[in-house]
Amino acid sequence: MPVLILLPPSEGKTPPSSGPPLDLAGLLGSAELGAARLTVMEALSRASASPDAAALLGLGPRSAADAALNLHLATAPCAPAHELFTGVLYEAAALSRHAGGQPGRRILSSSVVILSGLWGAVRATDALPDHRLSMGLALPGLGRMSAFWKRPLAPVLDGLADGVVVDCRSSAYAAAWQPSAQAPPAGGLLRVAVVKEAPHGARTAVSHHAKHTRGLLVGAIIDALAGATLAQEADAESIAGIAQGLEAVHAVELGEPDRRGRRDLRLVLR
């Protein structure tokens with residue numbers, strides 16, 4: 001029952017200047033997701049070539065030109081997802097540092113899955129081109145991507161989620177897959193939430209710090225798996241123990257599971 005870590009992508013990316021072209025057959029779940037990926041790529045190309053591309057893709061004035069990236073997906077250079085995505089969570093998790101050694105690369109390939117509006121879900125080691133498409137957006141003819149991906153993703157992620165699942169996704173990406181009530185993950189799904197506690201006890205949600213703290217947790221889990229101080233068959237309490245060891249975390253609260261095996265893992269900051 002291996003640990004599975006689910007991440008959102010990041011808006012922040014470091015485009016590769018060189019690298020191989022896209023190999024759809026090499027991505028996670030190519031047999032199950034290949035046809036859906038081609039469908040999204042075609043719809044995204046049409047949307048990105050239209051005069052309304054920026055509006056369709058939710059791009060602001062500063063990033064409107066990025067729509068053109070989606071016109072060259074098949075030929076653009078690719079880099080591993082852990083190098084392409086460079087937002088706050090990814091910087092805190094230091095995924096590329098973990099890729100420097102054999103144990104870390106193995107864990108990134110087997111235990112870290114990134115949800116994607118364009119690809120559905122990929123491994124952290126899968127090679128991707130720079131692109132723009134959020135899971136929360138709707139493409140003409142396909143609808144909202146989170147709804148589009150629900151059916152194709154179910155067999156892929158259900159098959160991977162046979163241990164404890166550490167869910168660091170944002171709400172838009174969480175909507176694309178949830179565990180089945182008929183076959184919930186054996187180790188449960190831990191929905192990682194981060195809150196800040198004021199001196200008088202009131203708690204507030206945080207955004208930037210939430211991404212950073214989730215990234216620290218992901219990095220600590222990978223370190224523990226690579227160093228064999230955390231077993232691949234880890235349980236929810238073991239993950240909560242790693243969270244408790246993070247310097248920024250004041251308290252950790254592990255909720256009760258629902259009928260789908262989902263539990264809240266709340267990290268409290270001060």
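Trainee: Where is the place of L246?

Mentor: L246 sits in the loop between helix 10 (236-244) and strand 11 (249-254). Keep in mind that this is a predicted model.

Trainee: Why does L246 count as buried?

Mentor: The relative accessibility of L246 is 11%. Buried means under 20%. So L246 counts as buried.

Trainee: Which residues does L246 touch, not counting residues up to four places away in sequence?

Mentor: L246 touches T213, L216, L217 and A220. Take L217: 29 residues separate L246 and L217 along the chain, and their C-alpha atoms are 7.3 Å apart.

Trainee: Which residues have the most contacts inside the largest nonpolar core?

Mentor: They are L7, L115, W149, L217 and I221. That core has 83 residues.

Trainee: What is I221 in contact with, leaving aside its neighbours within four places in sequence?

Mentor: I221 is in contact with V3, I5, V166, L230, I239 and I242.

Trainee: And W149: buried or exposed?

Mentor: Buried. W149 has a relative accessible area of 0%, and the cut-off for buried is under 20%.

Trainee: How many aromatic pairs does the structure hold?

Mentor: Two. F85 and Y90 form a tilted one, at 5.6 Å centre to centre with 40° between the planes.

Trainee: What makes the pair of F85 and Y90 tilted?

Mentor: Planes under 30 degrees apart count as stacked, over 60 as edge-to-face and the rest as tilted. The planes of F85 and Y90 are at 40°, so the pair is tilted. F85 is buried at 2% relative accessible area, and Y90 is buried at 5%.

Trainee: Why is the pair of F148 and W149 called edge-to-face?

Mentor: The planes of F148 and W149 are at 85°. Edge-to-face needs over 60. The ring centres are 5.2 Å apart, and rings pair if their centres lie within 6.5 Å. So the pair is edge-to-face.

Trainee: How do helix 6 and helix 9 cross?

Mentor: The axes of helix 6 (residues 102-111) and helix 9 (residues 208-226) come within 9 Å and cross at roughly 120°.

Trainee: What makes helix 6 oblique to helix 9?

Mentor: Roughly perpendicular covers 65 to 115, and roughly antiparallel is over 145. The crossing is at roughly 120°. Therefore helix 6 is oblique to helix 9. The crossing is right-handed.

Trainee: Which residues in helix 6 and helix 9 meet?

Mentor: P103, G104, I107 and L108 in helix 6 meet I222, L225 and A226 in helix 9.

Technical notes. Residues are numbered from 1 along each chain as its sequence is written. This is a predicted model: local features need pLDDT of at least 70, side-chain atom pairs count only at pLDDT 80 or more; totals for chains, interfaces and linings use all residues. Side-chain values use heavy atoms; hydrogens and water are left out. A nonpolar core is a set of buried Ala, Val, Leu, Ile, Met, Phe, Trp, Tyr and Cys residues joined through side-chain atoms within 4.5 Å. Buried means under 20% relative accessible area, exposed over 50%, partly exposed in between (1.4 Å probe, protein chains only). Contact means heavy atoms within 4.5 Å. Rings of Phe, Tyr and Trp (its six-membered ring) pair if their centres lie within 6.5 Å; planes under 30 degrees apart count as stacked, over 60 as edge-to-face and the rest as tilted. Axes are lines fitted to C-alpha atoms, for helices over the stretch in contact, and angles run from 0 to 180 degrees between N-to-C directions. Helices (H or I, at least four residues) and strands (E, at least two) are DSSP runs, numbered from the N terminus. Angles under 35 degrees count as roughly parallel, over 145 as roughly antiparallel, 65 to 115 as roughly perpendicular and the rest as oblique. A crossing is left-handed if the near helix is turned anticlockwise from the far one by less than a right angle, and right-handed if clockwise.
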